[in-house]
Amino acid sequence: MVSLKFSSEGAKTFRDITSVKSTYADTDMKKRLAIVLDDRVIIAPLVQSQISDGNAVIEGLNSIEEAKEVSILVGSGNLPVDLASFNKRVLSPTLGRDIINSSLWAGVAGIVIIMIYMVVFYKKMGIVADIALLYNAVLLFGMISLTGSILTLPGIAGIVLTIGMTVDGNVLIFERIKEELRLGKTPENSIDSAFSKVVWTIFDANLTTILAGLVLFYFGTGTVKGFAVTLIIGVVGAMFTNIVVSRTVLTGMAGSLKPHRYVEVETEGRDAR
């Protein structure tokens with residue numbers, strides 16, 4: 001059972017409610033009285049007679065656990081003290097904003113350095129790599145905006161990583177094109193041959209990364225999922241830009257690529273290339 005004790009004001013109100021003359025009670029005093037907390041009925045005991053002394057007992061509970069639960073819920077409804085504010089502090093997101101800004105600037109600096117390196121080392125083909133890199137960045141941010149994903153610090157790290165992977169695929173393509181040009185093939189044939197040999201290598205390498213990203217997204221939580229989302233989107237974009245965008249641009253500028261041919265030169269007693 002659970003025993004209840006009312007204050008003087010509560011005892012008077014409870015006496016009136018359980019009175020025979022009350023509209024809540026029948027003439028034979030067989031009426032249930034629901035105890036409600038937060039619009040939910042906790043229990044509805046049966047009123048046997050008028051309760052006028054301010055003490056009541058709820059009987060017929062099934063176990064001691066149920067009695068404890070009813071006791072706690074009934075007691076939690078009594079909050080005689082109002083909340084008062086003694087101290088107030090406001091925390092601004094300055095630190096988080098500074099960290100995000102620093103990370104964004106680091107990512108931009110990394111992109112610029114990579115673009116300069118590709119132009120210096122690969123000349124015209126480096127410009128193609130930069131176009132593919134920027135195209136992938138636009139695709140990545142567009143997909144993040146479309147899906148409504150939140151850009152977190154690990155997400156920024158995933159973006160920087162996929163940018164490096166975009167350039168990595170172009171490096172494989174460019175080195176294979178240079179090898180084909182050294183064999184004396186025309187630029188058009190060199191491009192076709194290079195892509196036919198490299199495309200599956202790029203696909204396999206990116207597929208394993210996508211699978212790792214899916215595992216991170218499925219088993220990870222919070223910021224880990226943010227990294228996985230940007231990684232997966234960026235890798236898919238890198239494959240598209242490497243295989244489609246880079247090939248389209250290279251084919252359009254094939255005429256400006258000079259083939260490297262071996263030249264036979266007669267020397268004393270031997271041939272040299």
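Among contacts between residues at least 6 apart in the sequence of this protein chain, 64% join residues at least 24 apart. Keep in mind as you look around that this is a predicted model. The chain holds seven helices and eight strands, and 31% of its 273 residues count as buried.

Let's start with helix α1, which spans residues 8–17. Three of its residues, Gly 10, Ala 11 and Phe 14, are buried. They share one side of α1, because the arc they cover around the axis is only 100°. As for the buried residues, what covers them includes the strand β6 (55–58).

Now move along to helix α4, residues 124–147, and see how it packs with two other helices. Two packed helices are described by the angle between their axes and the distance between the axes. The partner to look at now is α7, residues 223–252. Here the angle is about 140° and the axes lie 8 Å apart. Angles over 145 degrees would count as roughly antiparallel, so α4 is oblique to α7. The crossing of α4 past α7 is right-handed. On the α4 side, the residues that meet α7 include Met 125, Ile 131, Tyr 135, Leu 139 and Met 143; among those they meet in α7 are Ile 233, Gly 237, Phe 240, Val 245 and Leu 250. Sorted by class, this contact of α4 with α7 has 15 nonpolar residues, six polar ones and no charged ones.

The other partner is α5, residues 153–182. How are α4 and α5 oriented to each other? They pack at an angle of about 150°, with their axes 10 Å apart, and are therefore roughly antiparallel. Their crossing is right-handed. In this contact, α4 contributes residues including Gly 126, Ala 129, Leu 133 and Phe 141, while α5 brings, among others, Ile 159, Ile 163, Val 167, Phe 174 and Lys 178. By class, the contact of α4 with α5 has 13 nonpolar, five polar and one charged residues.

Some residues of α4 take part in both contacts. Met 125, Val 128, Ala 132, Asn 136, Leu 140 and Ile 144 are among those that meet α7, and these residues also belong to the contact with α5.

How values were computed:
Residues are numbered from 1 along each chain as its sequence is written. This is a predicted model: local features need pLDDT of at least 70, side-chain atom pairs count only at pLDDT 80 or more; totals for chains, interfaces and linings use all residues. Side-chain values use heavy atoms; hydrogens and water are left out. Buried means under 20% relative accessible area, exposed over 50%, partly exposed in between (1.4 Å probe, protein chains only). Helices (H or I, at least four residues) and strands (E, at least two) are DSSP runs, numbered from the N terminus. The arc is that of the directions from the helix axis to the C-beta atoms. Contact means heavy atoms within 4.5 Å. Axes are lines fitted to C-alpha atoms, for helices over the stretch in contact, and angles run from 0 to 180 degrees between N-to-C directions. Angles under 35 degrees count as roughly parallel, over 145 as roughly antiparallel, 65 to 115 as roughly perpendicular and the rest as oblique. A crossing is left-handed if the near helix is turned anticlockwise from the far one by less than a right angle, and right-handed if clockwise. Ala, Val, Leu, Ile, Met, Phe, Trp, Tyr, Cys and Pro count as nonpolar, Asp, Glu, Lys and Arg as charged, and the others, Gly among them, as polar.
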